[in-house]
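Please look over the sequence and the structure shown below.

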Number of protein chains: 2
Amino acid sequence: MAVFPPPKRLLLGPGPSEVPPRVLAAMAQPLVGHLDPAFIALMEETKRLLRSVFETENTLTLPISGTGSAGLEACIVNLVEPGDEVVIGVNGVFGTRLVEVATRAGATVVQAEAPWGEIVPEDVLAAAIARARRPKLVVLVHAETSTGVWQPLEDASRRAHAAGALFVVDCVTSLGGCPVGVDRLEIDAAYSGTQKCLSCPPGLSPITFGPRALAALRARTRPVQSWYLDLGMIERYWGEERVYHHTAPISMNYALYEALRLVVEEGLEARFRRHRLNHEALVAGLEALGLTMAVAPARRLWMLNSVRIPDAVDDVAVRRTLLDVEGIEIGGGLGPLKGRTWRIGLMGESSRRANVTRLLDALERTLPRHGLTLPAGAGVAAAERVYAQADAR
Amino acid sequence: MAVFPPPKRLLLGPGPSEVPPRVLAAMAQPLVGHLDPAFIALMEETKRLLRSVFETENTLTLPISGTGSAGLEACIVNLVEPGDEVVIGVNGVFGTRLVEVATRAGATVVQAEAPWGEIVPEDVLAAAIARARRPKLVVLVHAETSTGVWQPLEDASRRAHAAGALFVVDCVTSLGGCPVGVDRLEIDAAYSGTQKCLSCPPGLSPITFGPRALAALRARTRPVQSWYLDLGMIERYWGEERVYHHTAPISMNYALYEALRLVVEEGLEARFRRHRLNHEALVAGLEALGLTMAVAPARRLWMLNSVRIPDAVDDVAVRRTLLDVEGIEIGGGLGPLKGRTWRIGLMGESSRRANVTRLLDALERTLPRHGLTLPAGAGVAAAERVYAQADAR
């Protein structure tokens with residue numbers, strides 16, 4: 001059965017993003033044992049690099065041995081005990097998932113709801129916090145991958161702390177693509193994924209716990225319901241004691257180490273600028289083609305661009321042509337946005353000028369095949385103008 | 001900091017084992033999306049290959065996106081509801097871990113205990129099953145990686161079913177190295193790891209659920225406490241519906257697919273014979289050196305060899321010399337066996353004649369440096385005699 005090696009794709013969906021050759025090469029290195037001094041040195045260096053990317057001094061900063069959803073569950077089950085109240089912002093798939101995970105952990109959940117495609121407004125969050133009697137956590141999704149919405153965090157952090165709650169943030173899609181600033185924003189716990197703006201394959205979930213979250217972890221009266229995600233034990237495995245917990249995924253940690261080195265070599269500020277510029281060029285190109293962005297300008301993520309699917313265009317057929325003919329993956333909508341939006345990821349290594357123009361060029365060929373009349377060449381030209389302006393600055 | 005690329009080691013510890021070049025090369029392939037038709041075809045093929053290695057027809061046979069401990073937890077939390085009685089055989093680290101995980105899932109645990117280094121005897125298990133009023137699960141560790149003990153399963157399977165319980169087996173270390181025979185032994189649920197006899201890097205946990213276990217899963221009255229490990233949801237993601245759950249670790253799945261192809265190309269019977277022969281040669285060599293195996297002959301695993309550390313020899317110093325001077329990793333003992341045994345893994349790709357003689361040769365050089373007088377050359381010669389006898393058959 002000829003499924004391997006896989007076909008060559010340009011990954012411009014909601015993740016995984018393109019993985020740089022250096023990261024792929026790292027995964028092909030022969031393995032050492034998970035207690036080998038060389039691997040322990042790599043663990044230490046990975047923690048240091050992760051702190052720098054999370055913009056934090058938090059000691060407990062490490063990759064969970066599972067995907068972003070495992071990191072989500074780790075943050076919730078380590079901080080929640082049955083009966084605890086948790087306020088969660090819900091405006092997409094990942095807020096909804098947080099509610100489900102927190103409920104299974106025995107939390108009483110108060111939802112701060114907003115329509116998919118919009119942020120959770122300050123007053124809605126404030127009202128939800130007020131409805132809770134004594135919230136232990138306030139949780140927001142920084143970059144809602146299902147909608148492309150960029151959630152502001154400053155006001156929420158203040159309100160969470162004023163209510164005596166820990167402020168927990170999902171930065172699966174934002175980390176490495178836009179500022180997260182764990183210490184600056186006083187985020188108490190955060191989790192991310194590797195396959196978005198870090199441009200590492202999926203399989204690990206970087207998390208960070210600050211002093212207040214650690215204190216809550218230490219003050220638990222019952223064991224964490226998940227043994228695999230028990231941060232107290234994982235901390236001792238990743239800490240100086242090296243107490244055996246599970247066998248760390250060696251090759252994935254090679255990949256993450258190399259991916260983080262690339263992030264730090266580029267520099268966070270330069271990386272953020274690159275994500276912003278390619279986003280602006282893409283939006284200019286898409287709008288020049290007559291397409292409409294699904295999120296209000298001030299709320300758009302740089303790394304995940306939601307575009308309305310024009311009426312009378314077949315979502316699946318267009319994506320299939322892009323994949324089969326052009327070799328480009330973009331994402332469809334989820335939940336209520338299924339069939340209504342496309343999700344174009346410009347994450348990490350995928351956020352490149354050549355990819356933006358290649359996609360616009362491919363859309364200019366593909367959409368007319370599916371019945372849409374387009375101003376030929378307008379998309380690429382508009383994007384190029386954005387790049388030219390940036391070059392001139 | 002010069003921690004990467006890692007040093008070249010020969011991995012003869014309790015895992016990870018050596019990873020074949022074809023598997024390393026698979027991981028270095030560029031990624032496709034996790035909903036790409038090419039990846040979906042690979043998922044289907046992986047399930048088919050896993051069924052063949054587990055020796056089962058079970059439809060629900062797939063890799064959990066975490067290490068073996070995640071597979072362990074998945075089996076327990078999907079089958080246990082609070083208050084359920086669970087009988088667990090405990091004669092090493094992994095039985096102990098099962099007790100901890102089942103307890104956190106709300107189970108009432110009845111332990112069938114045996115000394116570390118021995119099997120759980122039939123009468124001890126029978127008594128534990130009798131002590132339980134209505135056990136839902138009977139769980140045994142097939143290959144106790146912490147001790148090197150090979151647990152017989154036939155009688156336990158009959159007793160579990162006679163008591164109306166599901167029979168659940170940890171085959172993390174046995175799968176691909178000795179017969180597991182899920183259908184033949186009427187095992188209802190089993191989990192494994194990738195980094196032992198499958199010779200794939202750590203990071204995934206193959207599991208299989210038979211019809212009775214599936215019925216128990218469908219009959220649950222409450223949600224599985226772990227969202228990440230919820231098999232009902234994972235089944236829909238890996239099944240025809242492709243309902244998004246998490247993002248599968250693409251590169252790790254490339255690796256597992258290629259590792260499973262290698263297992264099937266070799267053939268299970270040939271692979272088991274190879275593991276057995278290299279084990280016999282190693283034991284002959286170790287005993288010729290005057291060392292003593294820690295497990296009774298009939299209970300020894302082929303893939304994990306526990307050796308008593310001679311008195312007056314420094315465990316850690318010897319292992320450090322083996323690693324630094326000879327480039328060979330072997331494992332130390334765990335729990336009550338710490339400092340008392342070495343664990344020599346001959347798992348998957350590590351189980352090779354050249355590795356057995358290289359280790360014996362290295363021990364003949366290393367142990368005298370640490371104060372032990374040895375009959376020079378005796379170890380390699382004894383192993384070679386075993387190979388010569390096998391060649392002559």
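In chain B, β11 and strand β14 (residues 341–345) run antiparallel and are joined by five bridges. Two strands count as paired if DSSP finds at least two bridges between them. Strands themselves are DSSP runs of E with at least two residues, while helices are runs of H or I with at least four; both are numbered from the N terminus. B:L304 stands opposite B:G345 in β14(B). Strand β11 (residues 304–308) of chain B is mostly covered, with four of its five residues buried. A residue is buried if 20 or more other C-beta atoms lie within 10 Å of its own, exposed if 12 or fewer, and partly exposed in between, with C-beta atoms placed from the backbone.

This is a predicted model: local features need pLDDT of at least 70, side-chain atom pairs count only at pLDDT 80 or more, and totals for chains, interfaces and linings use all residues. Residues are numbered from 1 along each chain as its sequence is written, and chains are lettered from A and ligands numbered from 1 in the order in which they are written.

## The three-stranded sheet of chain A

In chain A, three strands form an open sheet in the order β11-β14-β13, and the pairing is antiparallel. Its edge strands are β11 (304–308) and β13 (331–332) of chain A, each pairing on one side only.

Two bridges join β13(A) to strand β14 (residues 341–345) of chain A. The two run antiparallel. A:G331 has A:R343 as its bridge partner in β14(A).

## The seven-stranded sheet of chain B

Chain B also has an open sheet of seven strands. Their order is β2-β10-β9-β8-β5-β3-β4, and the pairing is mixed. At the edges are β2 (60–64) and β4 (108–113) of chain B, each of which pairs on one side only. Neighbouring strands of this sheet are turned by 15° against each other on average, direction ignored. Here the axes are lines fitted to C-alpha atoms, for helices over the stretch in contact, and angles run from 0 to 180 degrees between N-to-C directions.

Strand β3 (residues 85–90) of chain B pairs with β4(B) in the parallel sense, over six bridges. B:I88 finds its bridge partner in B:Q111 of β4(B).

## Strand β10 of chain A

Strand β10 (residues 205–209) of chain A is mostly covered: five of its five residues are buried. A:S205, A:I207 and A:F209 point one way, and A:P206 and A:T208 point the other way.

What does β10(A) pair with? Strand β2 (residues 60–64) of chain A runs antiparallel to β10(A), joined by five bridges. A:T61 stands opposite A:T208. Strand β9 (residues 189–191) of chain A also pairs with β10(A) in the antiparallel sense, over three bridges. There, A:A189 stands opposite A:F209.

## A buried aspartate

A:D170 lies in strand β8 (residues 166–170) of chain A. Is A:D170 buried or exposed? A:D170 is buried, with 29 other C-beta atoms within 10 Å.

Leaving out residues up to four places away in sequence, A:D170 touches A:L72, A:F94, A:V141, A:H142 and A:Y191. Two residues are in contact if their C-beta atoms, placed from the backbone, lie within 7 Å. A:R48 is 122 residues from A:D170 in sequence and 20 Å away in space, C-alpha to C-alpha.

## Chain A as a whole

Chain A has 13 helices and 14 strands. Of its 393 residues, 59% count as buried. Its C-alpha atoms fill a box of roughly 65 × 55 × 50 Å, taken along the principal axes.

The radius of gyration of chain A is 21 Å, which agrees with the value near 21 Å for a compact globule of 393 residues. That radius is taken over C-alpha atoms, and the globule rule is 2.2 Å times the number of residues to the power 0.38. Among contacts in chain A between residues at least 6 apart in sequence, 71% join residues at least 24 apart.

## Where the chains meet

In the contact between the chains, 56 residues of chain A touch 56 residues of chain B. On the chain A side, the elements giving two or more residues are α1 (21–27), α2 (37–54), α3 (68–79), α4 (93–104) and α9 (250–266). The residues of this side divide into 33 nonpolar, 15 polar and eight charged. Ala, Val, Leu, Ile, Met, Phe, Trp, Tyr, Cys and Pro count as nonpolar, Asp, Glu, Lys and Arg as charged, and the others, Gly among them, as polar.

A rotation of 180° with 0.0 Å of shift along its axis superposes chain A on chain B, with an RMSD of 0.0 Å. That is the relation of a two-fold axis. The same surface serves both copies: 100% of the contact residues of chain A recur in chain B. Copies are superposed by least squares on the C-alpha atoms of residues with pLDDT of at least 70 in both.
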